[in-house]
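Biologist: Let us go through this model together. I will ask, and you answer briefly.

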Amino acid sequence: MVRHVIAPVDELPPGTRKFLTIDERPIAVFNIKGEFFGLLNRCPHQGASLCEGPLIGLAQSSDPGEIEYTRLGEIIRCPWHGWEFDIRTGQSYCDPKRFRAKAYPVNVEPGASVMKGPYVAETIAVSVESDYVVVDL
Amino acid sequence: MNMQFRTGAEPSSATGVKTAIADCDIHPARATATELYPYLAKRWHEHLETYGKHAYQGMMEGPPYPKAQPNASRRDAYPPEGGPQGSSLSFMQQQHLDPNNVALGVLNPLNTGQGLRNQDLSAALATAINDWQIDKWTSQDSRLKGSVVVANEDGPAAAAEIRKRAGDKNFVQVLLLSRNVEPLGQRRYWPIYEAAEEVGLPVGVHAFGFGGNPITASGWPSYYIEEMVGHSQCQQTALASIVLEGVFERHPKLKMIMIEAGFGWAPSLSWRLDKSWQRLRSEVPDVKRPPSEYIRDHIFWTTQPMEDPERRDHLFELIDWIGWDKLLFATDYPHWDYDEPSRVLPAGVSDANREAFYLGNARKLYGLS
Amino acid sequence: MIPAQSVEKSVGEIERCAKDKRFVQVLMLVMGDMPLGKRAYWPIYAAAERLGLAVGIHAGSNYHNPPTSVGWGSYHIEDYVAQAQAFQTQLTSLIVEGVFARHPKLKMVMLESGFTWLPSYLWRLHKFWRGVRMETPWVDRAPAEIVRSNIRFSLQPVDAPPDPQTLNRLFDHMQSDELLLFSTDYPHWQFDDDQVLPEGMSSDLVRKIMIDNPHATYTRLKEPARETTP
């Protein structure tokens, strides 16, 4: 696993997402209320740019006609067929056993442990100002 | 290691299709409400602005059921210059036609004058849409071919529009929708079939339309999914009507295409029709052969939304029963239930069948080999 | 039989007749005033489930709506063929309205519906459901699973393909041997007096269709016919 530095934390405020390619893999990194998540930007269904879809909540029901809508902003809906994926795990809601979006662990690493540009994280002590968002690939 | 950033979301393009394909169901849209005005007499501008469009359904604008995605289209298909999905030729080329190697794209315009109660308006909008298809699309990109949109409830007017476009290479078929005031085999629609056969155009029957009938034979359902799945049942009934009213007996050269209603139902409908006809054929003496034979000889199906069983051997059996020479590949771009060409046909298909499925059948049917 | 145009009176009749164990199901028509999944009908399903009765949906229409989803055809043969499409839309309604989420023990039997259309119908429904699940989130498992647990189909008339091999492949497409219940449709014209069972069915499947599946669906069949002797 190689760790890749994405950006300084303040370049990815809550509610935003960043698209990038690492080793030809299209990835998006999200900041959901201060937590960071990474997903492969390719829907496991037919290959759409999954991460361009809206972030919605989870609709569940224990009785027909009643809907509980929770986990706002934590479900991504594919811009094509509308499949719902859990941003935390990549799990799909329609067919959890067969389909899962590829999730990448995303961490915030303190600036002291990463080197700025050429965007490969190495454990070198560098004095930097801010914290960095780092992806393990 | 190689990392590039994008400043924002870029239009997603396909993984790239290596061999050329036909897309037999593309939906071009108007960018603005007045884009058709140059093709419409001025009286219709005023009419539309004063009275609007009255369809055989309750809503003047908008659909009877809320859609799964905006404009029932992919969220990533908005042209960068603005306008709804499907309204920009250059963006359609960039996002779909070029990367997907579309060698033949058949345009099926929707939200036109079909399904309207004012038949003069319906006819005016039909001819306008046909002129618009030439101007904006088929004359600008030779891969694209249009469909002759007609006033579906006015047989003579529809026949006149078809004859007007006879021999025009911009068009490869006549377009009807599956839901009309009556089932499509009824005699009010016969002038359409007569004219189409005469000018040598097949008739495409696309899912949807408004005819004032609830989308089930037991009234109006509650949910969008019922409408979406219901297109399959509407198409089955429309096709049964066409066969049982003897349309193909009277028009032996006519071909028809069932568009966007699936094809999985074709075998079971054929078997049911045959079984009923064996007992009840004295009621319909004009149907001289088993219905399944008319279906076999005259009907094609576009593939989208592609049947998606868990086991691909089931899909292959289904297609064997219909015929690999009967399917016409389609994506339904830019709608949300779009079928990605590189993903929908599982591995295990012979090269010959694959070529027929993706391109050969369409080229042959539309006379574009 | 119930007067479906009055749900209240229907429930009353179900409760009245349920005491007689010779009744095994409630009978409704496939084409009525409203799609069968609509909540207005639910007291009927609740009563049936509570009293151990199946609900049978039989081909036929009360003609309050055109007998097809695209209007009025010309011929009896068209009306007859269209029954299959009516069953398809009713299945969609029953499933997505959540009838079986609310009444998980209820069994419904589609009578004279045909069944050879079932596999491709379920593939289409499943394909769309995966994308619009959130519109009806009480459908919390795949529609095909709901059909396998709660819905059954009478055997005849079989819209059979010309060869038995194809029919057997269709049974495989259905992915369940519990869906069919033996029937003859006697004395209707569609009745196949020379061939009540399609050719080529395995003896295991025949046993399921003729014995096991009906018993599992109509649990009252195992009970004594009368509670007291006359």
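Modeller: First, a term: a residue is buried if 20 or more other C-beta atoms, placed from the backbone, lie within 10 Å of its own, exposed if 12 or fewer, and partly exposed in between. The model is predicted: local features need pLDDT of at least 70, side-chain atom pairs count only at 80 or more, and totals for chains, interfaces and linings use all residues. Residues are numbered from 1 along each chain as its sequence is written, while chains are lettered from A and ligands numbered from 1 in the order in which they are written.

Biologist: What share of the residues of chain C count as buried?

Modeller: Chain C has 230 residues. Apply the cut-off just given. The buried share is 50%.

Biologist: Why does the radius of gyration of chain C agree with a compact globule?

Modeller: The radius is taken over C-alpha atoms, and the globule rule is 2.2 Å times the number of residues to the power 0.38. For 230 residues that rule gives a value near 17 Å, so chain C agrees with its 18 Å.

Biologist: How many helices and strands does chain C have?

Modeller: Both are DSSP runs, numbered from the N terminus: helices are H or I, at least four residues, and strands are E, at least two. Along the sequence, the pattern is α-β-α-β-α-α-β-α-α-β-α-β-α. Chain C has 8 helices and 5 strands.

Biologist: Which helix gives the most to the side of chain B that touches chain C?

Modeller: Two residues are in contact if their C-beta atoms, placed from the backbone, lie within 7 Å. Here 57 residues of chain B contact 58 of chain C. Helices H6 (224–244), H8 (266–280) and H10 (312–322) of chain B each supply at least two residues of that side. The top giver, with 15 residues, is H6(B).
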